[in-house]
Amino acid sequence: MQAMTAEGLAAAIRSGERNAVDAVEAAFARIDEVDASVGAFLELWRDEAAERAADIDRRRDEGSPLGPLAGVPTALKDNMSLAGHELNCGSRILAGYRAPYTAGAVERLVAADAVPVGRVNMDEFAMGSSCENSALATTRNPWNPAMAPGGSSGGSAAAVAAAEVPLALGSDTGGSIRQPAAFCGVVGVKPTYGRVSRYGLVAFASSLDQIGPLARNVRDAALALGAIAGPDPRDSTCSEEPACGFLERIEDGIEGLKVGTIREVGTSALESDAARGFEQALETLARCGAELVEVSVPLVEAAVATYYVLANSEASANLARFDGSRYGHRAAGARSLAEMYTGSRSEGFGPEVKRRIILGTFALSSGYYDAYYGRAARIAGALRQQFSDAFDKAELLVTPTSPSGAFKLGERVDDPLAMYLSDVFTTPTSLAGIPGVSVPCGLDSRGLPLGLQILARPFADGTALRAARAFERETGFECRPEAVS
Amino acid sequence: MSLGVEEVRRIAELARLRISAREETTFASQLSEIVDYIDQLREFDGGTASQDDIHAASETADSDLPRPASATDGPLLDQFLDNAPASLDRFLLVPQVKATPGGEE
């Protein structure tokens with residue numbers, strides 16, 4: 001059953017050819033077999049998943065229609081709420097916290113009859129590009145256990161790549177779905193900002209955070225996005241536009257479609273394998289019938305710096321709520337409220353979170369606000385306009401997802417700036433609020449996957465997915481990491 | 001621009017974080033490198049655009065009106081209090097605002 005797509009599995013369960021109970025049992029068997037070496041899961045919800053699956057089978061047997069993800073075992077990143085379940089956000093400061101309600105995207109997932117089987121690892125508060133900033137576990141890349149799975153949704157990408165589950169939800173603030181998807185050889189979708197509800201997602205940078213799916217093929221990712229996207233009055237930035245079927249035109253191809261490369265996206269940042277992979281990807285797109293053009297988005301060169309100012313400024317405000325008073329860790333023996341705040345935060349947060357809070361506080365502090373936050377905010381606005389102009393010349397834009405394939409665990413943990421620079425191709429998309437799909441584009445000389453990032457104008461998520469599907473059909477890439485075969 | 005140990009300590013205090021002497025030194029060096037990198041933004045012109053423009057297309061804020069308490073608030077309150085490190089009846093317990101020599105109680 002591990003070889004089945006989410007779409008095929010759901011169809012087989014709907015028709016009665018297979019049972020949801022068996023699908024969930026098979027997923028747990030696979031997790032038991034390989035997760036000791038992958039380390040994707042933080043907690044498994046065996047009993048609840050079995051009950052949910054049995055209910056799905058029962059409803060089908062009674063003649064009720066089932067949802068598009070009927071019985072599909074799905075992993076949730078450790079920053080989205082499922083009522084009654086623990087949620088740690090990869091941090092010690094949320095040890096023991098139980099979600100009192102369910103996230104909007106997770107509600108929709110469950111309403112589509114997917115079965116959440118457990119929560120998966122992530123960088124603490126989604127701050128990181130390797131999953132190594134998790135305070136809870138080490139996740140390894142299924143293609144090579146010495147390598148990082150990427151981050152921050154490293155657990156989601158690794159669980160899907162290792163065929164533990166056909167589907168996972170992740171969240172993306174500056175590349176946290178797309179980069180781990182590329183590192184692990186799976187498909188990852190960062191939807192248009194506002195396409196998926198953020199209600200019940202632990203906030204990192206609220207103007208950038210988006211939930212999206214990771215899957216082993218484009219059709220499954222599109223199916224999942226269709227299930228979780230749509231209006232939610234509980235998130236004021238969630239679009240009221242209904243989500244149309246992302247599968248309807250997905251096989252239509254990209255014949256005659258203008259696909260742009262960005263002049264200012266320098267190949268100098270690319271390792272040679274990744275540069276070669278991107279060149280080959282452009283040839284593949286041309287074979288698919290795309291008309292390749294070059295566009296200009298000069299401010300992409302400012303994106304990483306802009307992103308780290310804005311995201312960390314928002315984080316420093318958002319994370320002020322973790323102070324030991326209402327939930328999570330509280331320092332023992334505090335003699336005053338201030339001492340409790342400082343003690344709880346200092347004991348609960350890891351070094352990267354502290355670094356980012358300090359950076360954000362600095363950028364917002366008196367005397368520096370205009371020079372850092374104000375300037376970055378203006379550049380982000382101008383960058384969005386430049387993307388909008390570029391989309392007048394091309395329907396889609398493409399870049400590599402990351403400057404290289406997966407790097408070694410431990411290689412960049414002591415060099416935060418080097419870690420930040422691995423987001424050079426993903427942060428512009430986040431700042432512009434546009435959708436980005438990472439689709440595998442082959443292996444590097446070390447046998448590790450590379451990703452192609454496909455970008456579209458706001459709410460043209462379906463067009464990006466259609467191109468990703470055409471690309472996938474042409475490359476015939478299959479996610480089969482040998483380390484966990 | 002480089003950040004000294006004193007500056008890092010001052011910002012950490014603003015953010016209600018206590019960091020060790022070793023962390024202060026490491027953070028000062030790492031953050032200086034990051035701020036140096038961020039300083040390249042001076043070379044870019046954002047014009048007059050504001051960040052508000054970014055998501056103007058997808059803003060759908062509901063009118064911000066108070067709603068009456070509903071019957072479903074009760075269980076949510078219980079779950080909220082279950083997550084609290086310390087509570088009494090329907091209230092959160094926290095140390096005194098002013099420091100006392102006697103400890104938390």
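User: What percentage of the 105 residues of chain B count as buried?

Analyst: Please note at the outset that this is a predicted model. A residue counts as buried when its relative accessible area is under 20%. Of the 105 residues of chain B, 31% count as buried. The accessible surface of chain B is about 7,100 Å², and carbon and sulfur atoms hold 53% of that surface.

User: Which pattern does chain B follow along the sequence?

Analyst: Chain B contains three helices and two strands, and their order along the sequence is α-α-α-β-β. Among the contacts in chain B with a separation of 6 or more, 29% are between residues 24 or more positions apart.

User: Let us turn to a helix. Which residues of helix α1 of chain A are buried?

Analyst: Helix α1 of chain A spans residues 6-15, and its buried residues are A:A6, A:L9, A:A10, A:A12 and A:I13. These residues lie on the same side of α1(A) because they cover an arc of only 160° around the axis. Their cover includes α2 (20-38), α3 (46-61), β2 (73-77) and α7 (218-228) of chain A. Just after α1(A), A:G16 takes a positive phi of about 90°.

User: How should I read a strand? Which way do the residues of strand β5 of chain A point?

Analyst: One asks where the residues point, and then which strands are partners. In strand β5 (residues 187-190) of chain A, A:V187 and A:V189 point one way, while A:G188 and A:K190 point the other way; all are buried. Strand β5(A) runs antiparallel to strand β6 (residues 210-215) of chain A, joined by two bridges, and A:G188 has A:L214 as its bridge partner in β6(A). With strand β10 (residues 436-443) of chain A, β5(A) pairs in the antiparallel sense over three bridges. There, A:K190 stands opposite A:G436.

User: How many of the residues of strand β9 of chain A are buried?

Analyst: Five of the five residues of strand β9 (residues 396-400) of chain A are buried, so this strand is largely enclosed by the rest of the structure. Its pairing with strand β7 (residues 258-262) of chain A is parallel, over three bridges, and A:G260 stands opposite A:L397 of β9(A). Strand β11 (residues 449-456) of chain A runs antiparallel to β9(A), with five bridges joining them; A:L396 has A:A456 in β11(A) as its bridge partner.

User: How does one describe a pair of aromatic rings?

Analyst: The description rests on the distance of the centres and the angle of the planes. Over all chains, the count comes to 15 aromatic pairs. In the pair formed by A:F387 and A:F391, the ring centres are 6.4 Å apart and the planes are at 25°, so the pair is stacked. Both A:F387 and A:F391 are buried. Elsewhere, ring pairs link A:Y97, A:F125, A:F322, A:Y327 and A:F349 into a cluster.

User: Which residues touch the most other members of the largest nonpolar core?

Analyst: The largest nonpolar core has 179 residues, of which A:F125, A:F387 and A:L452 touch the most other members. Helix α12 (residues 370-390) of chain A gives the most to this core, with ten residues.

User: Which residues is A:F387 in contact with, leaving aside its neighbours within four places in sequence?

Analyst: With those neighbours left aside, A:F387 is in contact with A:I262, A:V297, A:V300, A:L397, A:P428, A:A432, A:I434 and A:L455.

Definitions and conventions: Residues numbered from 1 in each chain as written. Chains lettered and ligands numbered in written order. Predicted model: local features only at pLDDT ≥ 70, side-chain atom pairs only at ≥ 80, totals over all residues. Heavy atoms only, no water. Buried < 20%, exposed > 50% of the residue type's maximum accessible area, 1.4 Å probe, protein only. Helix = DSSP H or I, 4+ residues; strand = E, 2+ residues; numbered from the N terminus. Arc of directions from axis to C-beta. Contact = heavy atoms within 4.5 Å. Pairing = 2+ DSSP bridges. Areas by Shrake-Rupley, 256 points an atom, 1.4 Å probe, with all protein chains shown as cover. Phe/Tyr/Trp six-rings, centres within 6.5 Å; stacked < 30°, edge-to-face > 60°. Core = buried A, V, L, I, M, F, W, Y, C linked by side-chain atoms within 4.5 Å.
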